[in-house]
Structures are given as structure tokens and as C-alpha cells.
Amino acid sequence: MRRFSFAVAILAAACGFAQAQNPAAPAAPRPPALVVTSTAFEDGGVIPDKYTQKASPTAPSIPLSWVNAPAGTQSFVLMLHDLDVVSNRSMTDSLHWLAWNIPATATSMPEGVPNTPTLTDGTVQIAHRNTHGFVGPGYPGPNYHHYTVQLIALDSKLDLPSTATREQVMAAVNGKILGKGVLSGRFHR
Amino acid sequence: MRNFTFAAALLMAACGAAAAQTPAPSAAPAMRPVGMAMTSTDFQSGNIIADEYTGKVNIQGQPPKAVSPQLSWTGTPTGTQSFVMIMHDLDVMVGKGTGDNLHWLAFNIPGTATSLPRGVPTTATLPDGTIQPRNRTSNGYSGPGAPAPIYHHYVFSIWALDSKLNLTETATRDDVMRAMDGHVLDKAHMVARFHR
């Protein structure tokens, strides 16, 4: 009986200790999160005119690089959108760039990515606004618009053509996401 | 001759004005820039938000000390019947899905409101009819809590709707967003960055 009581006491102590430690905490330390940066502007900062419609309707794409791709990443999806646009009383906003099947080995998107449906490395760029790929910020002002870059690491590639819609791409990435990185920019002309 | 010269001048002026206004690659049809703008006396959009509005000042086991930042907005369109406030953390993984962390959800904010004070009570309902469903941890505002060293991006959004929402405090963010769809007149955003 004493041995049983002792075992129960040990178990109770162990459980109490685990509770105090916060049972929701992961057992192993998390790897560092995906981080996306640009040499063109600081996070939270203003996007330079060079990459916007203020400079040219065909302004070059913003250079981006990233670190800490999660283990198991098979591809990346990159999205740039303007939060401060409304359409048809709906929840959407304004897309400026959506690319997927960026190779898992990629650590950057250089400045001035071609506005083609696909890139030589297999990246697919969405067809929109009579072009493909990056369209520079263009809001006239006077307030700043928020242009958000989101890089998503996936556990697989997407089987979607460049004529897929933004909604189709986001539905396809759901359930495949291994990591996220965000870079926040602002702009007005 | 004079009439012709006058007409030509008018035409050239009109063409000149049109050329100046011709937009660069146009946005998709029916898209328009927001007419509303949101500001705060407690932080600037794009910048880091101070500790007092975040989980950094909370002590485990005690009621949260973090308070919601003051927010005010302009440009509310005619016909606005209510507002929705959504604040979420873009950088958080929720399983492998496209969801993220909800920090604040409040709907049926009166359509006459032009601000939210600092420190909105963290209750399921407010006296003015606002409803604040539960986020992960509480009703109402839950402060940012991202661990060092990576800044997370916390988007505050105020949405002006053409109706109230027929939902209760048990509504999820998905419920609210589905109900909002088709009723959005305008909106405004701010982005705060934070890590402990």
C-alpha cells in the first residue's frame, strides 16, 4: 500500500509540475521564424518612388530577400497587396503581385523581375491588370496606403496556371503553410 | 475664325487635363481607394507600439494590464450603420492554414462613432451596443505578445458597414467576416509592429 501511495504521490507531483510549466508550451524550442526584408525600405517604412507608378507605369519590382525557410519547404508564395482599397462592398483589397512555385532553394526575388506568366526557375506570376507579376504602388494620396508583402512557405508546389485567381491561389495554399514572413510598406505619390 | 480658335483652345485644354489625369495601369474595375483614414494618439502606423498596449505588461495569473490603444477615424461614408474593429497578427501560424491570430473583434460599434478610447473594457458587450466576441484569450482587446527577436505585424482595421450584424457574442471572426461581405462601405487600417 505504501509503494502504491508513493507512486501516486510521485505521479501527482509530476503532473503538478507539468501544469505549472504551462502544458501548452512546445516541447522543443521553435526554429527562428521566416523573415523577409528589402534593401529598398525598412519594415514599416515608405516604399521609394523608383518601385512605384510615380516613377513609371512599368516600375521594377521591389527587391526582396528572406531567411529561415522552414524545414520541408517545397515552394514559396509571394503576395503584395494594398489594404486601403474597397470594391463592391466586399472584403477584398487590391492585389499588386502574386507569385507561386518560387523554388524552395530561392532566398530572394531580385529587383525588376520580368512581367511574364512564368520565370525561368518555374515561378508562376498571376495575370492581372493586363500584365503579369509586379505592379507598382500608385495611390495618389494624400494619406499613406499600406502595401503589405507576405511570403508564405509551403510544403508542396501548386498546380495552378497563371490565369488562376487570387482566391484560387489562397484556397490552394490553405493547409500547406509551413511559415510566414511579412514586410509592411507605405506609399502615396 | 475666332470661333474655331476658341474651340481648338478648349479642345486642347480638355485633352491636356485628361492627359494629366490619365492613370497609370488601372486598378481592377470597381476598385476605389478608401475614403476613411484612422489614426492613434498612442502609436503611428508602421511603427512600434509601446509596451503598455501589449502582453509585455501582463503578469501571469493576474487580470491583463494591457489596454487597447486610442483610435479615431475620419471620412465615414453616408449610410454607415455600424463599424467593425478587427485586429490580428499577420505573422502567426495557425496549423498549416491561412488563418492567423485574432487579437480584437468588435462589431455593431455605432455608426455615429468616430473613435475608440484608450482602454476599451474587455467585456462581451458595451453599453452602446458594441459586441466583442472572444478571441483566443478574452473578450475584447488582447495585447500583442510576439516573442523576441522578430517583429510581428498587428493590423488594426475599422470597417464601415451599411447595416448592423445580426450576430451574438458567440460569433467567430469567420462568422463576422462572412456577414460583413457585401456590406462594406469603407474601411481604414493601421499597422503596429511589436516583439517582447
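**Figure 1. A:Gly185 within strand 11 of chain A.** In this predicted model, A:Gly185 belongs to strand 11 of chain A, a strand that covers residues 177-187. Because 27 other C-beta atoms lie within 10 Å of its own, where 20 or more are needed, A:Gly185 counts as buried. Leaving aside its neighbours within four places in sequence, A:Gly185 is in contact with A:Phe41, A:Gly45 and A:Ile47, and also with A:Tyr147 and A:Val149. A:Asp43 lies 142 residues away from A:Gly185 in sequence, yet the C-alpha atoms of these two residues are 6.4 Å apart in space.

**Figure 2. The contact between chain A and chain B.** Chain A brings 38 residues to this contact, and chain B brings 34 residues. On the side of chain A that touches chain B, the elements giving two or more residues are strand 4 (85-87), strand 10 (145-154), helix 2 (166-173) and strand 11 of chain A. Strand 11 of chain A, the strand in which A:Gly185 is found, gives the most to this side, with seven residues. Sorted by class, the side of chain A that touches chain B holds 14 nonpolar, 17 polar and seven charged residues.

**Figure 3. Strand pairing from one chain to the other.** As a general point, strands of a sheet pair through backbone hydrogen bonds, in either a parallel or an antiparallel manner.

**Figure 4. An open sheet in chain B.** Three strands of chain B form an open sheet in the order 2-3-6, and their pairing is antiparallel. Strand 2 (37-39) and strand 6 (115-116) of chain B are the edge strands, each of which pairs on one side only. Strand 2 of chain B is joined by three bridges to strand 3, which spans residues 71-74 of chain B, and these two strands run antiparallel.

**Figure 5. The elements of chain B in sequence order.** Chain B contains two helices and eight strands, which follow one another along the sequence in the pattern α-β-β-β-β-β-β-β-α-β. Of the 196 residues in chain B, 35% are buried. Among the contacts in chain B between residues at least 6 apart in sequence, 73% join residues that are at least 24 apart.

Terms used
Residues are numbered from 1 along each chain as its sequence is written. Chains are lettered from A and ligands numbered from 1 in the order in which they are written. This is a predicted model: local features need pLDDT of at least 70, side-chain atom pairs count only at pLDDT 80 or more; totals for chains, interfaces and linings use all residues. Helices (H or I, at least four residues) and strands (E, at least two) are DSSP runs, numbered from the N terminus. A residue is buried if 20 or more other C-beta atoms lie within 10 Å of its own, exposed if 12 or fewer, and partly exposed in between; C-beta atoms are placed from the backbone. Two residues are in contact if their C-beta atoms, placed from the backbone, lie within 7 Å. Two strands pair if DSSP finds at least two bridges between them. Ala, Val, Leu, Ile, Met, Phe, Trp, Tyr, Cys and Pro count as nonpolar, Asp, Glu, Lys and Arg as charged, and the others, Gly among them, as polar.
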